[in-house]
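The sequence and structure come first.

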Amino acid sequence: MNFNPEKKTITIILQITSFVIVSLILWNTNSFFKKFKEEERNKVEIWASALVELQSLPADADPGNLPLKIFQNNTTTPMILMNRDGAIKVSNMPKEITTDTALIQKKIIKFGEENKPIKIEYKGEELATLYYGNSDVLNKLKYYPIALLLIIFLFGTVIYFFFKTNKSSEQNKLWAGMAKETAHQIGTPLTSLLGWNELLKAENINPSITEEIEKDIARLETITERFSKIGSLPILAEHDIVVETKNAFDYLKLRSSKLIHFSFSSKAENLPVLLNKSLFQWTIENLVKNGIDAMRGKGSISVEILKEGNNAVILVSDTGHGILKKDFNTIFNPGFTSKKRGWGLGLSLVKRIVEEYHKGKIKVLTSSKDGTIMKITFKLNS
């Protein structure tokens, strides 16, 4: 459901802009890497030229400062000079490598893959071959795009969760607003029903009829109260969870098909829990009704209450078609439903009531083609 098309357009624009920026950064980084690599090769070629110049001078000639300056300035590029007679000279590399022949051979192969070797010639005669690798700066620059992508990915993740949370908050406000408006709309005819029921009593109608009408009016008042509390922090008070669960269970039992077999049991008595009665009973009713829908109106529903340590546990079981294991968590998401008709809000409200309002836990304990067991856990107030 798209509540704000304008925000969706902004999101798409941001995504496209981000993609363009990332592409430009990566392209620029790649260009800079190539340029730096070319400059490093020029530096090594100058070093090789200085070596040729130095070796071509007579033994008693003064080489001058330039060749020596070139040799002294190149301290970052690892190099291996192999003379035509097989003699090897290592520069700008750890001392332990200079004595390890096998390691030097591996380095020669690696350097050959990284950069094209430089042939050192004098008057058409090949004197040596210079192998060189990437400097530390170049190696670090090589991993810069990966680090950059990681940072952008993390930044994108933060943005994604921000928009997702913002959208979820907007949806919650909408559902809360709809719920409160529904409660307000129900209030008007409910007041009229109270008046009409009083008139029926004055006409000496069968008391059993007006009593049932009063029960349904009380039921509508409860529903109105529930909807009015959506989005607001409910007031909790200590109640016996066994009694409150049985009240909700019995109400549905009396108003459900005779094809449904209802079973209630409790292995404990007087389990005090901080509850909002109205919202808690709504939770039980939702779970029982979901079970009835899963059984297509025929089967068995059972509710069992037991004590586990300092917790009160409610198990709601049905003999319906079951829930796919991959949907165990998804069924609590707003909008998820396996029914042809439905908004997919029932279980999301149940989860919110149990976990956010009552600090309890709810989960699918087991589910198969033979039925489903839902488990609710509350802390005892003791």
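The crossing of helix 9 and helix 10 is left-handed, meaning that the near helix is turned anticlockwise from the far one by less than a right angle. The two axes come within 9 Å and cross at roughly 145 degrees; axes are lines fitted to C-alpha atoms over the stretch in contact, with angles from 0 to 180 degrees between N-to-C directions. Contact means heavy atoms within 4.5 Å.

| Helix | Residues | Contact residues |
|---|---|---|
| helix 9 | 277–294 | Leu-279, Trp-282, Thr-283, Asn-286, Leu-287, Asn-290 |
| helix 10 | 346–357 | Gly-346, Leu-347, Leu-349, Val-350, Ile-353, Val-354, Tyr-357 |

By class, this contact has 9 nonpolar, 4 polar and no charged residues, with Gly counted as polar.

The model is predicted: local features need pLDDT of at least 70 and side-chain atom pairs pLDDT 80 or more, while totals for chains, interfaces and linings use all residues. Numbering starts from 1 along each chain as its sequence is written, and side-chain values use heavy atoms, without hydrogens and water.

The protein has 10 helices and 11 strands, which are DSSP runs (H or I, at least four residues; E, at least two) numbered from the N terminus. Of its 382 residues, 33% are buried (under 20% relative accessible area, 1.4 Å probe, protein chains only).

Beyond four places in sequence, Ile-314 touches residues including Phe-280, Ile-284 and Phe-378.

Definitions and conventions: Buried < 20%, exposed > 50% of the residue type's maximum accessible area, 1.4 Å probe, protein only.
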